[in-house]
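Student: I would like to learn how to read the features of a model like this one. Can we go through them in turn?

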Amino acid sequence: MSSRRRIYARPLLATAASIVVLTGVAAAAPAATPATATPASTAAAALDDTYYQDALGKTGTALKSSLHTIISDQTTLSYSQVWDALKATDEDPANSSNVILLYTGRSQAKSENGGNTGDWNREHVWAKSHGDFGTATGPGTDIHHLRPEDVQVNSIRGNKDFDNGGSAVSGAPGNYTDGDSFEPRDAVKGDVARMILYMAVRYEGDDAFADLEPNDSVSNGSAPNIGRLSVLKQWSQEDPPDSFEQNRNEVIFDRYQHNRNPFIDHPEWVEAIW
């Protein structure tokens with residue numbers, strides 16, 4: 001792995017427990033610098049009184065177990081249904097005919113999805129080979145970690161773990177890769193971390209799928225692990241949830257899976273568990 005290390009230009013932003021529950025379209029695309037979270041609304045507080053009530057006050061394995069129980073209550077999608085879901089979850093706030101691609105940040109027509117060069121396709125942020133779950137209903141179709149991405153950039157990322165370092169990725173400014181890892185652009189580093197950690201809580205091996213766990217390694221191969229945990233924790237802190245990510249969580253909860261990514265609602269739970 002390259003010894004290059006990224007230094008953030010922006011200061012750390014607050015990762016308070018408060019969240020903003022958005023019911024409309026996000027105010028800004030994820031390519032923008034995330035805004036500091038605003039104070040909790042009545043609706044946000046209601047989540048703690050209802051959805052998260054059994055998790056409050058817990059830490060460590062007890063918190064992880066409670067969150068697993070909460071978020072495992074979900075509606076599942078087929079892999080073909082994911083296409084339409086991503087057109088809603090990742091819609092460009094400035095152009096309802098487009099989606100925002102995760103790594104490139106490019107706004108692209110929803111209709112340009114497929115497998116050809118220049119198209120966008122479905123990126124598994126938790127690489128499907130890490131646990132061998134493929135595209136089967138379950139982790140393979142969980143849209144909390146599926147995002148639109150340019151076909152070629154998706155291929156460059158492949159099934160690499162996440163870490164700092166590498167050479168610039170062609171066609172995706174701000175992304176870097178080397179032989180064993182991939183570093184996304186700054187504006188979505190926290191998004192990537194929170195998607196990975198959601199998967200680790202949601203899929204605990206008590207169903208037909210592997211127990212997914214982050215670790216501090218790279219080159220995890222087909223093992224049900226993804227690293228590098230220490231870097232993912234840093235990314236989650238330095239890039240807190242922005243309005244696009246919060247809105248995405250809301251759309252998934254309201255319209256599709258009816259479960260939430262708890263680390264978007266409560267970023268401080270990352271440190272409380274890991």
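**Reading helix packing**

Tutor: Start with helix 2. Its buried residues pack against helix 5 (189–202), strand 10 (213–214), helix 8 (262–265) and helix 9 (269–273). Contact here means heavy atoms within 4.5 Å. This is a predicted model: local features need pLDDT of at least 70, side-chain atom pairs count only at pLDDT 80 or more, and totals for chains, interfaces and linings use all residues. Residues are numbered from 1 along each chain as its sequence is written, and side-chain values use heavy atoms, with hydrogens and water left out.

Student: Which residues of helix 2 are buried?

Tutor: Take the cut-offs first. Buried means under 20% relative accessible area, exposed over 50%, and partly exposed in between, with a 1.4 Å probe and protein chains only. In helix 2 the buried residues are L63, K64, S66, L67, H68, I70 and I71.

Student: How far does helix 2 reach from its first C-alpha to its last?

Tutor: The expected span of a helix is 1.5 Å times one less than its number of residues. Helix 2 has 12 residues and reaches 17 Å, close to the 16 Å expected.

Student: How many helices and strands does the chain have?

Tutor: Helices (H or I, at least four residues) and strands (E, at least two) are DSSP runs, numbered from the N terminus. The chain has 9 helices and 11 strands. Of its 274 residues, 56% are buried. Among contacts with a separation of 6 or more, 67% come from residues 24 or more positions apart.

Student: In what order do the strands of the open sheet run?

Tutor: Two strands pair if DSSP finds at least two bridges between them. Here 3 strands form an open sheet in the order 1-2-3, with antiparallel pairing. Strand 1 (91–92) and strand 3 (107–109) are the edges, each pairing on one side only. Strand 2 (residues 95–100) is joined to strand 3 by 3 bridges. I100 stands opposite S107 in strand 3.

Student: Is strand 4 mostly covered or exposed?

Tutor: Strand 4 (residues 120–124) is mostly covered, with 5 of its 5 residues buried. It pairs antiparallel with strand 5 (residues 146–150) through 5 bridges. H124 stands opposite L146 in strand 5.

Student: How many aromatic pairs are there?

Tutor: A pair of aromatic rings is described by the distance of the centres and the angle of the planes. Rings of Phe, Tyr and Trp (its six-membered ring) pair if their centres lie within 6.5 Å; planes under 30 degrees apart count as stacked, over 60 as edge-to-face and the rest as tilted. The count is 8 aromatic pairs. Y51 and Y52 form an edge-to-face pair, 4.9 Å centre to centre with 80° between the planes. Both Y51 and Y52 are buried. Y51 also pairs edge-to-face with F253, at 5.4 Å and 70°.

Student: Why does the pair of Y51 and F253 tie together parts that are 202 residues apart in sequence?

Tutor: Because Y51 lies in the loop between helix 1 (42–49) and helix 2 (60–71), while F253 lies in helix 7 (residues 243–256). Y51 is buried at 16% relative accessible area, and F253 is partly exposed at 22%. Ring pairs link Y51, Y52, F253 and W269 into a cluster.

Student: Which charged residue lies over the face of F253?

Tutor: A charge sits over a ring if NZ of Lys or CZ of Arg is within 6 Å of the ring centre and within 35 degrees of the ring normal. R260 lies over F253, at 4.8 Å from the ring centre. Elsewhere, the charged end of K189 sits over the ring of W235, 5.5 Å from its centre.
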